[in-house]
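The sequence and structure are shown first.

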There are 2 protein chains.
Amino acid sequence: MAIESWQIEANKCKEILANSIPKQYVPKEGVLPGEEAIHVADICQKNGLLSENELAITVSTATDLVAKMGKGVLSAEEVVTAFLKRATIGQQLLNFATEFMADEAIARAKELDTYYKETGKLVGPLHGIPISVKEHIGIKGRICHTGYVSWIQNIAPEDALLVQLLKKAGAIFHVRTNQPQSLMHLDCQNNITGMTVNPYNRKLSPGGSSGGEGASMGFKCAPLGIGTDIGGSIRAPAAFNGAYGFRPTALRNPYDGIILAGEGQESIRCVVGPLASSSVEDMDLFMSAVIDQEPWDLEPSLVAMPWKRVQGTKDFTVAIMWDDGIVHPHPPITRGLQYAKEKMQAAGIKVVDWEPLDHALGWDIVATLYFPDGAACQRKIVADSGEPLLPLTEWAFNYSRPEALTIHENWEYNAKREKYRADYHALMKARGVDFILSPTYVGVAPEPGASHYWNYTAIWNILDQPTAVFPTGLFQDPKIDKVESSYVPRSAEDEREFAKYVPEKFEGAPICLQFTGKHFKDEETLAAAKLVSDIIQA
Amino acid sequence: MAIESWQIEANKCKEILANSIPKQYVPKEGVLPGEEAIHVADICQKNGLLSENELAITVSTATDLVAKMGKGVLSAEEVVTAFLKRATIGQQLLNFATEFMADEAIARAKELDTYYKETGKLVGPLHGIPISVKEHIGIKGRICHTGYVSWIQNIAPEDALLVQLLKKAGAIFHVRTNQPQSLMHLDCQNNITGMTVNPYNRKLSPGGSSGGEGASMGFKCAPLGIGTDIGGSIRAPAAFNGAYGFRPTALRNPYDGIILAGEGQESIRCVVGPLASSSVEDMDLFMSAVIDQEPWDLEPSLVAMPWKRVQGTKDFTVAIMWDDGIVHPHPPITRGLQYAKEKMQAAGIKVVDWEPLDHALGWDIVATLYFPDGAACQRKIVADSGEPLLPLTEWAFNYSRPEALTIHENWEYNAKREKYRADYHALMKARGVDFILSPTYVGVAPEPGASHYWNYTAIWNILDQPTAVFPTGLFQDPKIDKVESSYVPRSAEDEREFAKYVPEKFEGAPICLQFTGKHFKDEETLAAAKLVSDIIQA
């Protein structure tokens, strides 16, 4: 079969990736297990692939690493090297990267070490911290294809503003990460660098669209990562890979230089935020490091709201949403919620149940607003190269109406969205609820190509409420998490998702939960998420 | 000629207005001058229409009145009565009101006085302050027609949220004010309660769309008023009536319960803000009284940004925009800017010139986004009743494209708008400019029906920069402000506006200016505007 022109284009990126992998860190042949190894998340601990010091570094929080670099106990070069090594191993097992930037990372680490030696000071709150970054977040002079073959010709003229600010804070970017075609999957496959898999179970998806980030966090290729989220794209990958993620309120983090189809579409906003491998605290560190630089003075559409320092207290009420009333969660998720409830109650936190407010309406609004043009703009970008439309891309595009909305229909949906937001907020207040704990997804990490139901995450996008994801410390276990044989699905959609739960398929997948606060209460949400996750994981 | 059905509908509102006027305050026949009296702003001072005490009250700032009520020197009833009296006289001369609410206002004042007597305290920071309110800002149980005959059937189910919060702060609403058909005039005429005129020159327009508010402030019918602004509708009326006005950054003041055609249109936002008869300080009082109540917890689309207390210092740079490069300002405006420059420089403020950044582009963006549907929605509302389309309504509707934008075209304009905002902000920074002083309009108050050029105000709408208007203390004088006979207009549009300047027509019209800060720097803008206006008026 002839090679098609889109494949030639895609091969450019495959070559860039292959050439960028730091050869010196690639384990010798035979050291890494073959395809038969399903669970690889802890492989570095078990196989002597990293030294004790490197292992210790890669399981540390960014907060601890910065503290150690501040005392001169660790150098930036040691830190970056350890994560580069781990990321290189991860790449062999997970295909999570699109491009390594090893030389630049080491060079920058050396500069930071020199600065520290000369001044005795750190350059900023993220001094020497390696951060992995989703591909569609621009890096100067490099391709930014956003999961589309036709966009492989796009070279970022500058670093995305967020990248610039994180660099100023001392962060080091060592690896760029994979994403699905069009970015509109809770999964991670494209026609360029292929499919990323989940370190906890390589037969499962790492989620998406920040799926390379999810795998990066799950394998601890970096203490922090950057993802974007318009329907769950930070939170699903965080949850599926046993990691942490935070979708802030829109217009707080700088967004300039992030390349997405449909520029100027404002009815539902894509937001950028952190993922973390090891702690909620690191996400707060990320947010404060960025927002303390007053990004609104560089990107004036942002809200000029400083990052508050909030002291977490247990004086709040958490409502648990057991089920969104549309699709029933799988047994491990319900077990995770039950476990969280008991732990929180034992710790003296007030816990109540959350009756969801018409999530079907929420879904109608968000799904309609994802593609107000009938996905014409995205379909054209795919068609431009001739690359095949992947099934999950087609699935997502079909959320839209067949025809573009008229301007008046778009206004009507904007108004519905505003009313829904106000009603949801009022209900939280009326019920005295500060935070909502809920499933991030129907189940734990799904099989590749199977993530059809978005509304456990997408609901918080349309409501624009800040939401953090953290692990419970539990994992799916086929012996415990049996099929609820007595459950009667309420609809064909519920039936479809119910049927996907075959316990043996999900063995070892992490059980993570989603913790949502009120609009603009980002700081309070992270502070409470830290407290609650510590309690649940204890 | 038969009375048409729309006239019958409009007559309902005329009757409501006529019946609401507090008869006891209407001067006996012959006391007020006839049509020959052009300048009536000071008529209460000259004709013994108000007592000394009433006169003193009505020329006071809200800040002073609250202080006096706090000391028990004045009662709320005295204050409200004085303004009701003055407003009733104003109505005879200016036709600025749509409805008086005298009984409710007096009853509320008595309640406040009782509260004060019993507790020794004020109920809030606006205790006893009468506020006039533009008609399309909902008042519970009353018609809210927004300048459309077909909407006369609309009864507000609740007070607008802003009204609720101001009431909680102690404010008293005594009169509702007039606005033009469709609200899209910088003028004040509709087919319901007719035309409002300017107290400084009754042959001139009070501006609009908050034209009733402008006249209310100019005649001192209240120390504070509420207007809305999507193209200059607070600022033009403030400027034309020798008063103060403030267009805050969007999403700071609560907007729920304000009725405008095109709900859900978000590309260019209408904002609500204060007008004041006597000081910038009163507008700061208004803003803090509202935002201190955390309106974002009641209207979650607002930005959760507290109102900062800012101390004004002279350590800033003001750039003067003498001309927007499209339409040349009339001589009195240029004189006002020159006067302001000299006063500021004498006071030690750094003053530079402002070269505008492509205001033609700004106008293309804002004009296109006013009516992305080709004004179909507004045209239908006018047509529904059969009322005639007024010339300035047709003029504004014709800003739009003949056809509705497609969704993609709307996105493209949103993106253009974002880029223009970022470029303008960056230019202010690059030039070291903190504030821009500029004409509010081509000239002083125009003749009714003649306000065709919006872009001195609309530019700050599309840029979403906070802007205050204040008087210079100067007035148009035909003997000084002669035609610039050597000026050669640059375009037909410039020629049209140039030709409108016949010095004798504008005698006595106040010369006010517009003072613009950076996006979200509302507090800093008001603090600096207070300082600068004090210097200029001194």
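## Model and confidence

Strands, as named in this report, are DSSP runs of E of at least two residues, and helices are runs of H or I of at least four residues, both numbered from the N terminus. By that definition, Ile226(A) belongs to strand β4 of chain A, which covers residues 224–229.

The model is predicted. It scores ipTM 0.96 and pTM 0.97. For chain A the average pLDDT is 97, and 100% of the residues score at least 70.

## The annotated domain of chain A

An unreviewed UniProt entry annotates residues 78–526 of chain A as "domain: Amidase".

## The annotated active site

The unreviewed UniProt entry assigns the annotation "active site" to Lys134(A), Ser209(A) and Ser233(A). These residues are spread over 100 residues of sequence, yet they cluster in space, with a largest C-alpha distance of 10.8 Å.

Lys134(A) is placed in strand β2 of chain A, residues 130–134. Because buried means under 20% relative accessible area, Lys134(A) counts as buried at 0%. Beyond its neighbours within four places in sequence, Lys134(A) has contacts that include Thr177(A), Glu213(A), Ile226(A), Ser209(A) and Ser233(A).

Ser209(A) lies in the loop that runs between β3 (172–177) and α8 (211–219) of chain A. With a relative accessible area of 2%, Ser209(A) is buried. The side chains of Ser209(A) and Lys134(A) are joined by a polar contact of 2.6 Å. Among the other residues in contact with Ser209(A), leaving aside neighbours within four places in sequence, are Asn178(A), His185(A), Asp187(A) and Ser233(A).

## The annotated binding site

The annotation "binding site", also from the unreviewed UniProt entry, covers Leu183(A), Ser209(A), Ile230(A), Gly231(A), Gly232(A) and Ser233(A). Although spread over 51 residues of sequence, this group clusters in space, and the largest C-alpha distance is 10.9 Å.

Leu183(A) is located in the loop between β3 and α8 of chain A and is buried, at a relative accessible area of 4%. Not counting residues up to four places away in sequence, Leu183(A) touches Lys134(A), Ser209(A) and Ser233(A), among others. Gly232(A) is in the loop between β4 and α9 (235–240) of chain A and is buried, with a relative accessible area of 0%. With the same exclusion of residues up to four places away, the residues touched by Gly232(A) include Leu186(A), Gly208(A) and Asn461(A).

Ile226(A) is buried, its relative accessible area being 0%. Between Ile226(A) and Gly508(A) there are 282 residues of sequence separation and a C-alpha to C-alpha distance of 25 Å.

## Helix α1 of chain B

Helix α1(B) comprises the 16 residues 5–20; at 1.5 Å a residue it should span 22 Å, and this agrees with the 23 Å between its end C-alpha atoms. The buried residues of α1(B) are Trp6(B), Glu9(B), Ala10(B), Cys13(B), Leu17(B) and Ser20(B). Viewed down the axis of α1(B), these fall within an arc of 95°, so they line one face of the helix. An α-helix has 3.6 residues a turn, so residues three or four places apart point the same way.

On the other side of α1(B), Ser5(B), Ile8(B), Glu15(B) and Asn19(B) are exposed. The cover over the buried residues of α1(B) includes α5 (76–94), β1 (97–100) and α13 (376–385) of chain B.

Definitions and conventions
Residues numbered from 1 in each chain as written. Chains lettered and ligands numbered in written order. Predicted model: local features only at pLDDT ≥ 70, side-chain atom pairs only at ≥ 80, totals over all residues. Heavy atoms only, no water. UniProt positions renumbered as here; feature names shortened; annotations may be inferred. Buried < 20%, exposed > 50% of the residue type's maximum accessible area, 1.4 Å probe, protein only. Contact = heavy atoms within 4.5 Å. Polar contact = N/O pair within 3.5 Å; in protein donor to acceptor, adjacent residues only side chain to side chain. Expected span 1.5 Å × (residues − 1). Arc of directions from axis to C-beta. pLDDT = per-residue confidence, 0-100.
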